[in-house]
Each structure stands twice: as C-alpha cells, then as structure tokens.
Amino acid sequence: MTTPLRPAAPETEGRGPLLLRVAHANAGRWITVTQLRDLLGMEETRHYAKRAAYLHRTGRLDRQHAADHRPDRPRFEYRFLAWPQIQAPRATTELEAGTDASEAARTARYQQTVTRRRAAITAAAAQILAVLRAAPGPVPEQDLLAAVPHLSVTTARETLTYLVHETQDALMITATTRRARATTYEAVRSGLPRVAPRPLTPDAEAVQGLLRAATDRDASLSRQALMEQTRWPWPRVEKALSLLEAHALLALRPVCAAVLFRHAPADAGQQVA
C-alpha cells in the first residue's frame with residue numbers, strides 16, 4: 001500500500017508554490033500528480049501536471065518516467081530538487097563605499113528621481129485641471145493632449161491618473177457605445193447653482209446632519225439617497241446643498257462618472273453665521 005503524502009509544512013509558506021512545498025515535505029520521494037490531486041483535493045490532474053512540468057523546466061523538481069506508466073496512469077513522477085532563488089539586494093563593495101555606486105548613493109538618486117517626477121506631475125496636474133475646468137463639458141483625451149503639447153503622452157496620462165485616482169479632482173468617462181469610443185475627462189463639479197453665503201437655513205442644517213453622519217461612517221450620499229432620506233423634492237435638496245457649498249461645508253467624491261456628496265468640516269477659526 002502506498003504511504004500517504006505528508007502535507008506542506010507551515011514554515012515553508014511563501015517560499016514557493018504549494019506543489020513545491022508538498023514535494024519538499026516529502027523530500028527524496030517520487031510523487032505523481034494523481035497523489036498530489038488526492039492530497040490537495042482538486043478534481044483535475046491537468047493543473048498539477050502543467051505546474052509540475054513548469055517547475056521541472058525551471059529546475060525546482062526532478063522528473064523521471066513512472067515505472068508503472070499506463071494510459072490511465074500518470075506518465076511522470078517528480079521529487080523535490082531546490083527552492084527558488086531569492087535575489088538579495090546587491091551589497092556595497094569596499095571599493096564602492098563612499099562613491100556613486102554605493103547603496104546609499106543609489107537610494108538617494110532613486111529618491112531624487114521620485115521627488116522630481118512627483119513635482120513634474122503636480123505641476124502638470126494644475127495645467128490639465130485648468131483646461132478641464134475651463135471646458136463646458138467632457139474633454140476627449142486627444143483634445144486634452146493637444147491642449148498641453150509641451151507634455152509628453154506618458155506624463156500627461158500619468159497626470160490624468162493622478163487627478164482621477166489620487167486627488168479625485170477629475171472624472172474619467174469611458175465609452176459605453178460603439179459610436180463613442182474615446183475616453184473623456186471632466187473636472188469634478190457639484191453641478192449646483194452658486195449662491196452667496198448667508199446663514200444656514202433649517203433645511204441646510206438638516207442636510208448637513210445627514211452628510212456629517214454619513215462621513216463619520218466613511219460613506220457618501222448620492223442625490224437619490226438625499227431625496228429618499230429627507231423625503232424632499234430635488235429643488236429643495238439642491239438649495240440646501242448650494243448653501244452648504246457656499247460655506248465650504250460640502251465635499252465631493254467622484255465614483256466612476258457620478259459625483260457623491262460628503263461633509264467637509266469648516267476650517268479652524270471659521271464661524272458659520
């Protein structure tokens with residue numbers, strides 16, 4: 001009777017695929033993919049056969065023809081050979097110490113490159129955001145690249161990613177029909193009418209309470225959610241939101257092509273009349 005395989009040891013987790021860890025736990029023993037299937041519980045042996053063949057090609061497993069090979073039995077059997085090599089960071093040699101080739105110098109150059117790259121993206125973000133805010137609607141990517149011709153395509157696209165995902169000052173609108181395949185960008189706008197700051201009305205204070213409670217839960221409210229929670233028509237909710245925006249108490253959170261509302265606390269020392 002064939003001795004059951006030993007499972008992978010917990011301390012080998014992270015050193016390689018589970019198949020290789022099982023082979024290491026049974027070092028010196030030839031294992032078939034059928035035994036691996038029985039141990040690990042997958043129905044198909046093709047997954048293990050392909051994975052074992054790959055590990056053999058990369059020098060991790062040894063392989064030989066099975067002695068009892070038949071059409072209904074595995075053709076090869078495997079055993080553990082070596083763990084994958086982990087490439088360690090290159091150490092600074094004695095001759096490199098204190099020179100531009102040292103580890104400290106390489107790290108400093110990398111940090112300087114990252115800092116310069118971030119500064120360039122931040123400067124380009126201000127230019128692209130100005131173009132988006134001046135446009136009456138969504139701007140196609142090609143028109144946006146033409147509006148900032150001094151920027152390379154790579155820098156412009158990195159900046160757009162920065163505006164969409166990090167600062168969330170822009171919306172990326174992907175095409176949903178065959179007739180409009182171009183990706184467009186638009187500055188994040190509330191779409192609310194601008195009003196002059198004046199004392200908060202009871203409606204504005206009620207909406208502010210809902211937004212503050214949602215923000216405390218790290219959530220945002222959509223136009224429909226505000227209408228459902230207040231049971232007010234949109235024009236009434238819109239007036240309250242416009243007044244909050246006039247007092248800088250409204251924050252916007254873009255989600256795909258939609259804009260959600262959050263509460264933005266007033267700056268320290270700022271008093272709302």
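**View 1. Strands β1 and β3 meet in antiparallel fashion.** In this predicted model, β1 and β3 run antiparallel and are joined by two bridges. Look for Thr32 here: its bridge partner in β3 is Glu77.

**View 2. Strand β3 also pairs with β2.** Here β2 and β3, the latter spanning residues 76–80, are linked by five bridges, again in the antiparallel sense. A handy landmark is Asp62, which stands opposite Arg79 of β3.

**View 3. Three strands make up an open sheet.** Stepping back to take in the strands together, we find the order β1-β3-β2, with antiparallel pairing. At the edges sit β1 (31–32) and β2 (61–65), each of which pairs on one side only.

**View 4. Helix α3 packs on the sheet.** This helix covers residues 46–57 and touches both β2 and β3. The direction of α3 makes about 115 degrees with that of β2. While you are here, take a look at β3 as well: this strand is mostly covered, with four of its five residues buried.

Methods:
Residues are numbered from 1 along each chain as its sequence is written. This is a predicted model: local features need pLDDT of at least 70, side-chain atom pairs count only at pLDDT 80 or more; totals for chains, interfaces and linings use all residues. Side-chain values use heavy atoms; hydrogens and water are left out. Two strands pair if DSSP finds at least two bridges between them. Contact means heavy atoms within 4.5 Å. Axes are lines fitted to C-alpha atoms, for helices over the stretch in contact, and angles run from 0 to 180 degrees between N-to-C directions. Buried means under 20% relative accessible area, exposed over 50%, partly exposed in between (1.4 Å probe, protein chains only).
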